[in-house]
Amino acid sequence: MLKGRLWRFLIFFFVLYLIFLLVFSRSFNSDNNDKTTTSPLPQARVIIDDNNHEQNNIQHHEVARQVEINKPSDLEPVMTKGILGNYEQRSVVKSSGPGEDGEGVQLHGEDIQRGQESVAEYGFNEVASDKISLNRRARDTRPEECKYWNYPSVHRLPTASVVLVFYDEGWSTLVRTFHSVINTSPKELLKDIILVDDYSDQEHITIRLPEYIKKWNGLVKYVRTQQRVGLIEARVIGARVAEGDVIVILDAHCECVTNWLPPLLTRIALNRKTLAIPIVDGIEWNTLRHNTAYGGTLYRGIWEWGFLYKETELPQRERNLMKYQTEPYKSPTHAGGLLAIDKKWFFELGAYDPDIKIWGGEQYELSFKVWMCGGQLEWVSCSHVGHIYRGPRRRSMHPRGGKLHQSHINHLRVAEIWMDEYKEYYLRRQPNQAHLDIGNTSEYKALRKRLNCSSFTWFLDNVAYEMAEKYPLPPANYVWGEMRNDQHRQWCADTLDNHFGRPIGISGCHHQGGNQLFRINVEGEWSSGEHCFVSEGNSVIARHCVQMGRWTPKGEWSYDNKTRQIRSTKVYKCVTTDGKVLALETCEEDATAQKWTWTETYAV
Ligand SMILES: [Mn+2]
């Protein structure tokens with residue numbers, strides 16, 4: 001009796017084991033061409049493509065049938081703790097070249113000087129970069145748990161087009177970017193790579209690059225703009241050319257971490273209106289060392305009311321929805337450079353507003369409209385891409401002849417079109433921008449109506465709800481503008497570009513706003529940009545308005561319109577200057593050095 005039961009039990013498990021083997025061996029096969037293990041020569045890749053052509057077609061039919069049978073819920077990733085996921089590399093051959101595995105490279109001798117010159121030229125140390133293999137394997141910065149996720153097989157995921165935009169980018173950092181895309185992407189999923197050259201001058205871009213990419217037989221495409229159009233427009237040009245289902249935008253100085261693509265595409269397969277964001281690791285501009293960005297903490301993207309991008313710890317409310325620490329999670333916005341979006345959805349949303357030009361604010365535009373028009377934005381914890389943050393570059397990347405305040409015009413367009421009555425709060429933070437000409441917005445407002453998008457209030461209440469605590473709505477300004485001293489009439493208050501914790505001072509009045517643009521609001525907060533000011537002894541100190549993750553203004557200042565004094569209600573002293581420094585002293589109504597005249601200065 002007992003023996004019979006035991007047998008049935010054993011047979012049951014044996015069958016289960018067979019099914020398991022069947023499912024996973026399929027996935028192993030689809031992933032065999034991956035990629036970074038031996039740094040395959042590009043030429044070899046092409047040959048592999050040709051050989052597998054017939055086989056691919058057969059698989060395709062077989063899988064098309066499966067798609068009909070499978071429900072969408074079958075696309076959900078499956079965690080098999082302790083057993084490597086279906087896209088993971090089975091064996092990693094360690095390479096020992098310079099910079100391998102994301103290590104940094106130290107230069108010696110005359111290379112040091114050449115390296116510094118390349119930083120001035122490109123913002124990266126190209127001499128250090130040149131020493132590293134174009135096929136170096138990026139450091140695996142993912143949390144360990146990521147290795148155990150199983151994603152839908154390649155035939156059930158949309159294909160990707162990777163769009164890279166650049167202007168006079170350094171050779172090896174640029175080429176390594178698309179090598180890394182090719183080396184880390186299952187070839188069935190990578191439709192093409194679009195290199196958008198925004199009218200570069202340098203010959204390694206204009207002549208050498210189009211020649212170099214020929215060996216990929218069309219997988220890598222080169223598109224050149226007819227004049228400088230700036231990053232945002234160039235991306236849209238690339239997106240139009242792309243033949244894949246999903247547009248993946250990366251900067252042209254990135255390195256993809258193993259198995260970065262399937263987790264992104266899975267989010268879009270599950271919901272085509274998802275804007276999927278990889279986790280951005282930092283690569284140092286001087287040594288090309290690849291670092292883990294966040295440690296174990298989960299962050300998401302928000303902004304302060306002047307549209308400076310901020311990241312904040314993932315609220316508990318979101319974490320409560322997660323079974324695993326490595327699941328994707330919702331975020332109000334993102335840093336802007338790296339993203340994946342369904343191509344059709346991107347163009348349904350009007351791509352990027354064509355009057356948002358050059359650079360700045362585009363991530364808010366895209367994030368707001370994705371959320372408000374029925375989509376969602378997710379950060380995908382198991383998709384990591386390294387990005388080289390630029391060092392001190394001598395030449396500007398931005399097109400010449402562009403408007404001085406273009407990024408502010410961009411911000412204002414986003415506020416005008418998408419933020420309803422909350423546009424006012426942007427203007428309280430940036431009052432000098434009230435009269436900038438932002439052009440015609442009617443077409444985009446019509447698009448918003450046509451897509452039946454929700455209100456910005458809905459977005460704040462349901463998505464970016466932590467704004468209320470982190471960056472509450474700024475109170476109305478009581479006075480703002482340039483602060484000129486009555487006694488030392490050529491001097492104005494100036495933040496002196498000081499960092500947080502340092503005293504502010506004075507400098508010659510220049511009427512250009514910037515460091516001389518101050519605000520005191522009706523709640524007694526005295527600030528400039530995102531600096532808030534507090535008294536400390538006889539000095540006025542700049543500090544961050546957010547302390548311990550929370551907006552904590554001191555609100556200790558008042559401006560008296562009659563005496564024109566700025567008084568600290570905390571230490572009962574007034575702001576003064578001796579023509580050298582800005583200080584606090586006992587208030588005296590007759591002291592002309594304590595009198596300040598505010599002049600509103602508008603950007604044009
Ligand atoms: Mn970048």
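Student: What should the 14 residues of helix α6 span at 1.5 Å a residue, and how far apart are the end C-alpha atoms?
Tutor: This is a predicted model. In it, helix α6 covers residues 171-184, and at 1.5 Å a residue its 14 residues should span 20 Å. The end C-alpha atoms are 20 Å apart, which agrees.

Student: Is α6 covered, or is it open? How many of its 14 residues are buried?
Tutor: Mostly covered: 13 of the 14 residues of α6 are buried.

Student: Where is serine 185, then?
Tutor: Serine 185 sits in the loop between α6 and β4, the latter being residues 190-197.

Student: Buried or exposed, that serine 185?
Tutor: Buried. Serine 185 has 24 other C-beta atoms within 10 Å, and the cut-off for buried is 20 or more.

Student: Which residues is serine 185 in contact with, leaving aside neighbours within four places in sequence?
Tutor: Leu190 and Leu261. Tyrosine 87 is 98 residues away from serine 185 in sequence, and their C-alpha atoms are 9.7 Å apart in space.

Student: Staying with loops: where is tyrosine 199 found?
Tutor: Tyrosine 199 is in the loop between β4 and α7, where α7 is residues 203-212. Its phi is positive, about 60°, although tyrosine 199 is not a glycine. It counts as partly exposed, with 16 other C-beta atoms within 10 Å.

Student: And asparagine 217, what is its phi?
Tutor: Positive as well, about 50°, and asparagine 217 is not a glycine either. That residue lies in the loop between α7 and β5 (220-224). Asparagine 217 is partly exposed, because it has 13 C-beta neighbours inside 10 Å.

Student: Change of topic. Which residues have the most contacts inside the largest nonpolar core?
Tutor: Val163, Leu164, Ile247, Val248 and Leu265, in a core of 94 residues. Apart from that core lies another, of 25 residues, including Phe518, Ile520, Ile566 and Val575.

Student: What does valine 163 touch, not counting residues up to four places away in sequence?
Tutor: Among its contacts are Ile194, Val196, Ile247, Val248 and Ile249. Valine 163 also touches Arg235, Gly238, Ala239 and Ala242.

Student: Next helix. How far does α13 reach from its first C-alpha to its last?
Tutor: Helix α13, residues 406-418, reaches 18 Å, close to the 18 Å expected for its 13 residues at 1.5 Å a residue.

Student: Why call α13 largely enclosed?
Tutor: Because 10 of its 13 residues are buried. The buried ones include His408, His411, Arg413 and Trp418.

Student: What do the buried residues of α13 pack against?
Tutor: Four helices: α12 (362-372), α14 (423-429), α15 (442-450) and α16 (456-462). Following α13 is aspartate 420, with a positive phi near 50°.

Student: On to strands. How many bridges join β10 to β11?
Tutor: Five, between β10 (residues 299-303) and β11 (residues 309-313), and the two run antiparallel. Tyrosine 299 has glutamate 313 in β11 as its bridge partner.

Student: How many residues are between β10 and β11 in the hairpin?
Tutor: Five. In that turn, phenylalanine 307 has a positive phi of about 65°.

Student: There's also an open sheet of four strands. What is its order?
Tutor: The order is β24-β25-β26-β27, with antiparallel pairing. β24 (557-559) and β27 (582-586) are the edge strands, each pairing on one side only. On average, neighbouring strands of this sheet are turned by 40° against each other, direction ignored.

Student: How many bridges join β26 to β27?
Tutor: Five, with β26 being residues 573-577 and the two strands antiparallel. Lysine 573 stands opposite threonine 586 in β27.

Student: Whole protein now. How many helices and strands?
Tutor: 17 helices and 28 strands. Of the 604 residues, 41% count as buried. Of the contacts with a separation of 6 or more, 78% are between residues 24 or more positions apart.

Student: What is the mean pLDDT, and where does pLDDT stay under 50?
Tutor: The mean is 89, and 87% of the residues reach 70 or more. Over residues 22-70 pLDDT stays under 50, and for that stretch the model has 46 contacts beyond four places in sequence.

Methods: Residues are numbered from 1 along each chain as its sequence is written. This is a predicted model: local features need pLDDT of at least 70, side-chain atom pairs count only at pLDDT 80 or more; totals for chains, interfaces and linings use all residues. A residue is buried if 20 or more other C-beta atoms lie within 10 Å of its own, exposed if 12 or fewer, and partly exposed in between; C-beta atoms are placed from the backbone. Two residues are in contact if their C-beta atoms, placed from the backbone, lie within 7 Å. Two strands pair if DSSP finds at least two bridges between them. Axes are lines fitted to C-alpha atoms, for helices over the stretch in contact, and angles run from 0 to 180 degrees between N-to-C directions. The expected span of a helix is 1.5 Å times one less than its number of residues. A nonpolar core is a set of buried Ala, Val, Leu, Ile, Met, Phe, Trp, Tyr and Cys residues joined through C-beta atoms within 7 Å. pLDDT is the predictor's confidence in each residue, from 0 to 100.
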